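Biologist: Hi! Could you walk me through this model?
Modeller: Happy to, let's have it on screen.

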Amino acid sequence: MSEQKHQGVALITGASTGIGATYARRLAERGYDLLLVARDQARLEALAAQLREQAGVKVEVMKADLTDRADLNRVAQRLRSDAAISLLVNNAGVAISGSLLDTDLDRFDAMIQLNVVAVTHLAAAAAANFVAQGRGTLINIASVLALAPEMFNGTYSGTKAYVLNLSQSLNQEVRDKGVRVQVVLPGATRTEIWERSGTGIENIPQEILMDVDEMVDAALAGLDQGELVTIPSLPEQADWERFTAARFQMAPNLSLSKAAARYKA
């Protein structure tokens, strides 16, 4: 049992397997009670029973499909109204392989609903609660593909770029109000997402595939170090700082009253 107590409740979406389940185990060890959200009731109940026994924390499960508006609203309302919730891991998401030209657009619609719309609603609900309480932590799970759209289909990477942008902007809104924001950009991680996306994990080069325990431990270390953006496999934080500095250097010239000289005859 963890020696840390009274951390409040951590709500974790996509909590039945993979990254979400690993966050549940790690946060239980840190003394958080848990509210686990996912579609698979049986897996949620099994994980909850295990964590109650091993970590001695309170665990509640909430079956919800976040692509269903009624379920999404139910989870968002809980996030907005429950003062005991002190941490959100906005993890639920899906990937789809294939190009825009040869993939069923209904599948992309469902992915956007989960990866963008649900993430936004839950982040807004949690932020409102946390600001009212003057404390709280919001962790959004994005992907390194937010920075590398050429490496996968642009619809998926676009949803993760959205999560990155949302997190950076939201941090500007709440950082002086006692609320922490972190966005995590994992690379390829050993979870069920590969099979669900139609890309077998056996097709992923082993040298780029991180075990989920290592990924989550690195992400939590980044949180402890006060990072806004955590890229678990990036060796040098200075690389991210240079990337950000280059972006800020362009900022004064992104919107001017005159077009650049190179566009004039």
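Biologist: Thanks. What should I keep in mind about the model itself?
Modeller: This is a predicted model, where local features need pLDDT of at least 70, side-chain atom pairs count only at pLDDT 80 or more, and totals for chains, interfaces and linings use all residues. Residues are numbered from 1 along each chain as its sequence is written, and side-chain values use heavy atoms, with hydrogens and water left out.

Biologist: Let's start with Met215. Is it buried or exposed?
Modeller: Met215 counts as buried because its relative accessibility is 1%. Met215 is found in helix α7; helices here are DSSP runs of H or I with at least four residues, strands are runs of E with at least two, and both are numbered from the N terminus.

Biologist: Which residues does Met215 touch?
Modeller: Not counting residues up to four places away in sequence, Met215 touches Ile19, Val184, Pro186, Thr189, Met210 and Pro232. Contact means heavy atoms within 4.5 Å.

Biologist: And where is Met210 found?
Modeller: Met210 is in the loop between α6 (193-197) and α7. Leaving aside neighbours within four places in sequence, Met210 is in contact with Ala188, Thr189, Arg190, Met215, Pro232 and Ser233.

Biologist: What handedness does the crossing of α1 and α7 have?
Modeller: The crossing of α1 and α7 is right-handed. A crossing is right-handed if the near helix is turned clockwise from the far one by less than a right angle, and left-handed if anticlockwise.

Biologist: Which residues make that contact?
Modeller: From α1 there are Gly18, Ile19, Thr22, Tyr23, Arg26 and Leu27, and from α7 there are Val212, Asp213, Met215, Val216, Asp217, Ala219 and Leu220. By class, this contact of α1 with α7 has eight nonpolar, two polar and three charged residues. Ala, Val, Leu, Ile, Met, Phe, Trp, Tyr, Cys and Pro count as nonpolar, Asp, Glu, Lys and Arg as charged, and the others, Gly among them, as polar.

Biologist: Now α3 and α4. At what angle do they pack?
Modeller: α3 (residues 69-81) and α4 pack at an angle of about 25 degrees, with their axes 7 Å apart. That makes α3 roughly parallel to α4. By class, their contact has eleven nonpolar, four polar and two charged residues. The crossing of α3 past α4 is right-handed.

Biologist: Switching to the sheet: in what order do the strands come?
Modeller: Seven strands form an open sheet in the order β3-β2-β1-β4-β5-β6-β7, and the pairing is parallel. The edge strands are β3 (59-63) and β7 (229-230), each pairing on one side only. Two strands pair if DSSP finds at least two bridges between them.

Biologist: How many bridges join β1 and β4?
Modeller: β1 (residues 9-13) and β4 pair over four bridges, and Ala10 has Leu87 of β4 as its bridge partner. β4 and β5 also pair over four bridges, with Thr137 in β5 as the bridge partner of Leu87. β1 and β2 pair over five bridges, where Leu11 stands opposite Leu35 in β2.

Biologist: How many residues of β5 are buried?
Modeller: Six of the six residues of β5 (residues 136-141) are buried, so β5 is largely enclosed by the rest of the structure. Gly136, Leu138 and Asn140 point one way from β5, while Thr137, Ile139 and Ile141 point the other way. In β2, five of the six residues are buried, so β2 is largely enclosed by the rest of the structure too.

Biologist: Last one, Gly98. Where is that?
Modeller: Gly98 is in the loop between β4 (85-90) and α4 (105-133), and it is partly exposed, with a relative accessible area of 36%.

Notes. Buried means under 20% relative accessible area, exposed over 50%, partly exposed in between (1.4 Å probe, protein chains only). Axes are lines fitted to C-alpha atoms, for helices over the stretch in contact, and angles run from 0 to 180 degrees between N-to-C directions. Angles under 35 degrees count as roughly parallel, over 145 as roughly antiparallel, 65 to 115 as roughly perpendicular and the rest as oblique.
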